[in-house]
Number of protein chains: 2
Amino acid sequence: MRIGELAERAGTTPRTLRYYESLGLLPPADRAGNGYRSYGEEHLRMLEQIRTLQEYGFGLEETRPFVECLRAGHPAGDTCAASLAVYRSKLAEIDAWTARLTAVRAEVAAQLLRAEREAGAEAGADAEPLCELTAVLAEAGRPDEGTPPQ
Amino acid sequence: MRIGELAERAGTTPRTLRYYESLGLLPPADRAGNGYRSYGEEHLRMLEQIRTLQEYGFGLEETRPFVECLRAGHPAGDTCAASLAVYRSKLAEIDAWTARLTAVRAEVAAQLLRAEREAGAEAGADAEPLCELTAVLAEAGRPDEGTPPQ
DNA sequence: GCTGGCCCTGACGCGTACGTCAAGGTCTAC
DNA sequence: GTAGACCTTGACGTACGCGTCAGGGCCAGC
């Protein structure tokens, strides 16, 4: 299988596969006589593992233990100790982010309410509907802040 | 007030102030006869507004309406309509992130549990404590993924 | 034999928010 | 008069995950 076919089957691009190889994330592909990279099904499995983890918000480096687990011949990339450790630290990271977002949401919602009150006071008495919208938004969710992975 | 003093009072650096000015986020500072930038208290207020929002995870561009609100002479940066709109869209963004993190956490926790079972099966019967740790972690939190702003 | 599609390597671009360095001018104090 | 602390502009570096050329080789079909 050449790079274009593998890329398509994996839902990615040749550029990305070369990039992973340059990082040492994927093992160097065999080369055909003309210098073209030659891949097997095991490479597809590694790429699927990487993509899944990326969709979860893992960085490429965090996928490395999973890929190496597959390279070591394990049927799954996440049954090795190092992979399990990454899963666990990711859960902790997620929890930390969630807590931060929750706190920030509360802060922003409070600021919004205050600012709307002050805006109304500044302008006189005319912007009532804004306050109702705000109250709805304030009750709707939890805080979030920034751009978490994934 | 020169740039170094303002930066220190605002808890930032001269480089950052020049950067903001280059973005047009801060108004161009007056210049003393020697070419040095000269600032007043109003610049400090703008910087405090920017810093607060950054701690909430706002990007610099998102702080622009707040700064312009102050520049327009309002006593607070967040009582203008554009600022309120940014607050509201930020709340929505936070809620979206929180939902995503929650979903991802559930996925990762499920994968972790499955992988631990499979790891135990692969190795025979010896890795029991791992499963107990996992159960604790799985109950502890919610999902998170990636690196949200702030 | 030639067009078109695939492959190769190397290198620059992007977005964010600055840090850091270079090369030089200015002002204060000793 | 000179050391030291401040200021100026300009430009490159950082982290991430590739996208997008540029310039060139390889191969199948007509």
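Arg15(A) and Ser22(A) are exposed on one side of helix H2 of chain A, while the buried residues of this helix, which spans residues 14–23, are Leu17(A), Tyr20(A) and Glu21(A). Buried means under 20% relative accessible area and exposed over 50%, with partly exposed in between (1.4 Å probe, protein chains only). This is a predicted model, in which local features need pLDDT of at least 70 and side-chain atom pairs count only at pLDDT 80 or more, while totals for chains, interfaces and linings use all residues. Residues are numbered from 1 along each chain as its sequence is written, chains are lettered from A and ligands numbered from 1 in the order in which they are written, and side-chain values use heavy atoms, leaving out hydrogens and water.

**Helix H2 of chain A**

- Helices (H or I, at least four residues) and strands (E, at least two) are DSSP runs, numbered from the N terminus.
- The buried residues are Leu17(A), Tyr20(A) and Glu21(A); seen down the axis of H2(A), they fall within an arc of 100 degrees, so they line one face of the helix. The arc is taken from the directions from the helix axis to the C-beta atoms.
- The cover over these buried residues includes helix H1 (3–10), strand S1 (30–31), strand S2 (37–38), helix H3 (41–55) and helix H4 (60–71) of chain A, where contact means heavy atoms within 4.5 Å.

**DNA strand C**

- DNA strand C is surrounded by 18 residues, the closest being Gly4(A), Arg18(A), Arg37(A), Tyr36(B) and Gln54(B); a residue is near a strand if one of its heavy atoms lies within 4 Å of it.
- Of the atoms of DNA strand C that come within 4 Å of the protein, 70% belong to sugar and phosphate.
- H2(B) provides the largest share of the surface near DNA strand C, four residues.

**DNA strand D**

- DNA strand D also has 18 residues around it, and the closest are Tyr20(A), Tyr36(A), Gln54(A), Gly4(B) and Arg18(B).
- Sugar and phosphate make up 67% of the atoms of DNA strand D that come within 4 Å of the protein.
- A base nitrogen of DNA strand D is 2.6 Å from an N or O atom in the side chain of Tyr36(A).
- A phosphate oxygen of DNA strand D is 2.8 Å from an N or O atom in the side chain of Arg18(B), and for Arg31(B) the distance to a phosphate oxygen is 2.9 Å.
- H2(A) gives the most to the surface near DNA strand D, with four residues.

**Disulfides**

- Over all chains there are two disulfides, each a pair of cysteine sulfur atoms within 2.5 Å.
- In chain A, Cys69(A) and Cys80(A) are joined with their sulfur atoms 2.0 Å apart, and both residues are buried.
- In chain B, a disulfide joins Cys69(B) to Cys80(B); the torsion about the S-S bond is about 80 degrees, so this disulfide is right-handed.
- Cys69(B) lies in helix H4 (residues 60–71) of chain B and Cys80(B) in the loop between H4 and helix H5 (81–123), so the pair ties together parts that are 11 residues apart in sequence.

Notes
A polar contact is a pair of N or O atoms within 3.5 Å; within protein, one must be able to donate a hydrogen and the other to accept it, and residues adjacent in sequence count only if both atoms are side-chain atoms.
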